[in-house]
Amino acid sequence: MLLSEFAANAELKYELSEIMRKNSLPHAIIIEGAEGTGKKTIADIIAQYCVCTSDKQRPCGVCKNCVKAQDHIHPDIFYADGQQSKALSVDSIRTIRSSAYIVPNEAPMKVYLLLNCDKMLAPAQNAFLKILEEPPKNVQFIMTVKSSASLLQTVRSRSRIFSLFPAEIDDAVRIATKSFPERDISEIKDIAEVCDGNIGMTLQMLENGGQEAQKLAEEIFASILLPSEYPLLKSIQQLTSDRIFAASVLDFMTEIAAECVKASVGAEVSSKTAITVAERYSKNRIFAVSENIIYARKVLNTNVNLNLFCTWLCSVLRS
Ligand SMILES: [Zn+2]
């Protein structure tokens, strides 16, 4: 993908294209933004820019280096993903440090992408800081993180921080329609709205089936009503596999909860689950469940451990 094709974030795109045009990329870059806002995509574009050998606008997207970068097989682009265990450990950072001083194989520059640095521990960050303090020549470092606040101030101050924001719902719909031309436009719009314009989440939900998330949300609601805790625990357990899927299930649960609140005050609603819940629960209980779901959705945006989150969610929904 080229920078011009990246959705929304006009300010960042302008800033970055100016930096690229002037050939003045800072040697360390931090890209921060919520899950699904395109941090990895921007990191890939910058990496491609660094290795591109076109004498016109870079990245050109067609030279040998660009093509390899797009296929993620460029020998001078290195990935270390914090989601894989020990990828960002002190030892791994030390390996990166010694390899960074070796000249590139094919491209004019070497690029190190440190992805998902959210849980990078202080000793590893300090080891990384040593590289930033005496950066090797012709090496670009790019870190991605949900919030740059999880990084040490010393690392932040030696890097340029770029912040990404979710796109407008219309942008998400436009891009999702391109990727899923066979899908019903009203379904795409519904999902983009539930995802609040978050493109990554919209695409993933379309791929995984938003219907699956909606079905599980209904199932969880129905289980809250049951006398045994087991069915609820079993349904909620399905959220541990994937954070984005869990987020979309909670978004659907928020919608159902809003319907329940409406039904509890006698308003007409279409959701059968909401009607059943309103019949069986007191208004206070429904309000409490609804508030807990909204709170749970916020908690999910932090780096909470999914297993602990599910156990906690089960207990607050039952309480
Ligand atoms: Zn190129």
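1. In this predicted model, 6 residues of domain 1 are in contact with 4 residues of domain 2. By class, the side of domain 1 that touches domain 2 comprises 4 charged residues, 1 polar and 1 nonpolar.

2. The bounds of the two domains are 3–163 for domain 1 and 209–318 for domain 2. Their centres, taken over C-alpha atoms, are 38 Å apart.

3. There is an open sheet of 5 strands with parallel pairing, and its order is β2-β3-β4-β1-β5. β2 (77–81) and β5 (160–163) are the edge strands, each pairing on one side only. On average, neighbouring strands of this sheet are turned by 20° against each other, with direction ignored.

4. D81 has L115 of β3 as its bridge partner.

5. Which strands does helix α2 lie across? Helix α2 (residues 39–51) lies across β1 (28–32), β2, β3 and β4 (139–145). Relative to β4, α2 runs at about 175°.

6. Helices α10 (residues 210–224) and α11 (residues 230–237) pack with their axes 8 Å apart, at an angle of about 160°. Angles over 145 degrees count as roughly antiparallel, so α10 is roughly antiparallel to α11. Their crossing is left-handed.

7. On the α10 side, the contact with α11 is made by L216, E219, I220, S223 and I224. The α11 side supplies P231, L232, S235 and I236. Sorted by class, this contact of α10 with α11 has 6 nonpolar, 2 polar and 1 charged residues.

8. Helix α12 (residues 243–264) packs with α14 (residues 283–301) at an angle of about 160°, and the two axes are 9 Å apart. That angle makes α12 roughly antiparallel to α14. The crossing in which α12 passes α14 is left-handed.

9. Which residues of α12 and α14 make the contact? From α12 they are A246, A247, L250, D251, M253, T254, A257, C260, V261 and S264. From α14 they are K283, I286, F287, V289, S290, I293, I294, A296, R297 and L300. By class, the contact of α12 with α14 has 14 nonpolar, 3 polar and 3 charged residues.

Methods
Residues numbered from 1 in each chain as written. Predicted model: local features only at pLDDT ≥ 70, side-chain atom pairs only at ≥ 80, totals over all residues. Axes fitted to C-alpha atoms, helices over the stretch in contact; angles between N-to-C directions. Helix = DSSP H or I, 4+ residues; strand = E, 2+ residues; numbered from the N terminus. Parallel < 35°, antiparallel > 145°, perpendicular 65-115°, else oblique. Left-handed = near helix turned anticlockwise from the far one by under 90°. Contact = placed C-beta atoms within 7 Å. Nonpolar A, V, L, I, M, F, W, Y, C, P; charged D, E, K, R; others polar. Pairing = 2+ DSSP bridges. Domains from an automatic or database assignment.
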